[in-house]
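Trainee: I want to learn how to read a ligand site and a strand. Where do we start?

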Amino acid sequence: MTDRKPRVLATRLFPEDVETRLTAKFDAKLNPTDTLYDGPSLAMAANGFDGIMCAAGDALSTATVAALPESVRMIATFSVGYEHIDVAAAAKRKIMVSNTPDVLTDATADIAMLCLLGAARRAHEGTTMLRNHNWVGWEPRQLRGVHVTGRRLGILGMGRIGQAMADRARAFRMTIHYSNRTRLPADLEKGAVFHADPDEMLPNCDFLSINAPMTPATRKWVNAERIAKLPKGAVVVNTARGGVVDDEALIAALKSGHLFAAGLDVFDGEPKIHQGYYELQNAFLLPHMGSATVDTRNAMGFRALDNLEAFLLRGQTPPDLVTPS
Ligand code: DGY
């Protein structure tokens, strides 16, 4: 260890309190204009830095990681998802990678429930009608949606966020089905019905919530064939990663009426989302705001800093080390 403060490159404009701690602990280069780096410019900007504090959407692909200067020893992402980082390429370069689990579980599950309710209860149509001055008053047949209480919810990916979503859904007396790589112990399962084969869960889903990370195995998992296995009138909710859904297939099912609605907070290729979504009245759409509360975004930043400080200041293994799968 030398006496100089380790240098950290912040790729984004992070919350104020997070940047205050970042600059107190490290010789940090901030990004006050929040100008996005592409791969080559990020590799170039990282020259002379020990660590990179990045976020979901920063393209730390195989090529970018390979091009990082020798100085870089750690990448701490301000996110729980880390599919934007080639972790295997980083491991090859002996670059540590960390993420921010736990701290965004509740905020993201809250937004998942908002997406579920917003889609089922036609919130987009209702708010649009009202704001466009088209509301003529209460009508017995107006904006009838899908009843939520007591219905079946299937959760793909029963990690922390999936479990938090299940807890919320239980308050709506929903029956929980789930599919996960491994079955949960009874105290975490809390009576939910486990499906070892996720395809077999689908016919039981009045609502399907995607809470699985984006991996080669989950890429476009929600496709036409699987959507066809959902009961007619089902609702699809995605707060995980847009790439888990085949947009063409979902849009076709929303148009045909096989699906009643979708509630989506994440999109493949965001922010340039599939144009088809804009035309759908039965799509309740949010701009990737699952973790967007003041407390949660601070907690994510502090967690990323806990990791950077452990490794770069104390020479310890980052507590949220991510390793190649
Ligand atoms: C994450 O942490 O992966 C989120 O998607 C960012 O809010």
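Mentor: Start with a definition: a polar contact is a pair of N or O atoms within 3.5 Å; within protein, one must be able to donate a hydrogen and the other to accept it, and residues adjacent in sequence count only if both atoms are side-chain atoms. Here, a side-chain N or O atom of R241 lies 2.6 Å from an oxygen atom of the ligand. This is a predicted model: local features need pLDDT of at least 70, side-chain atom pairs pLDDT 80 or more, while totals for chains, interfaces and linings use all residues. Residues are numbered from 1 along each chain as its sequence is written, and side-chain values use heavy atoms, without hydrogens and water.

Trainee: Which backbone atoms lie 2.7 Å and 2.9 Å from an oxygen atom of the ligand?

Mentor: A backbone N or O atom of V80 lies at 2.7 Å. For G81, the backbone distance is 2.9 Å. Taken alone, the ligand exposes 230 Å², and the protein buries 89% of that (Shrake-Rupley areas, 1.4 Å probe).

Trainee: Why is strand 6 largely enclosed?

Mentor: Buried means under 20% relative accessible area, with a 1.4 Å probe and protein chains only. Strands are DSSP runs of E, at least two residues; helices are runs of H or I, at least four. Four of the five residues of strand 6 (residues 152-156) are buried, so the rest of the structure largely encloses it.

Trainee: Which strands pair with strand 6?

Mentor: Pairing takes at least two DSSP bridges. Strand 7 (residues 175-179) pairs in the parallel sense over five bridges. Strand 9 (residues 207-210) is also parallel, over four bridges. I155 stands opposite Y178 in strand 7, and its bridge partner in strand 9 is S209.

Key: Buried means under 20% relative accessible area, exposed over 50%, partly exposed in between (1.4 Å probe, protein chains only).
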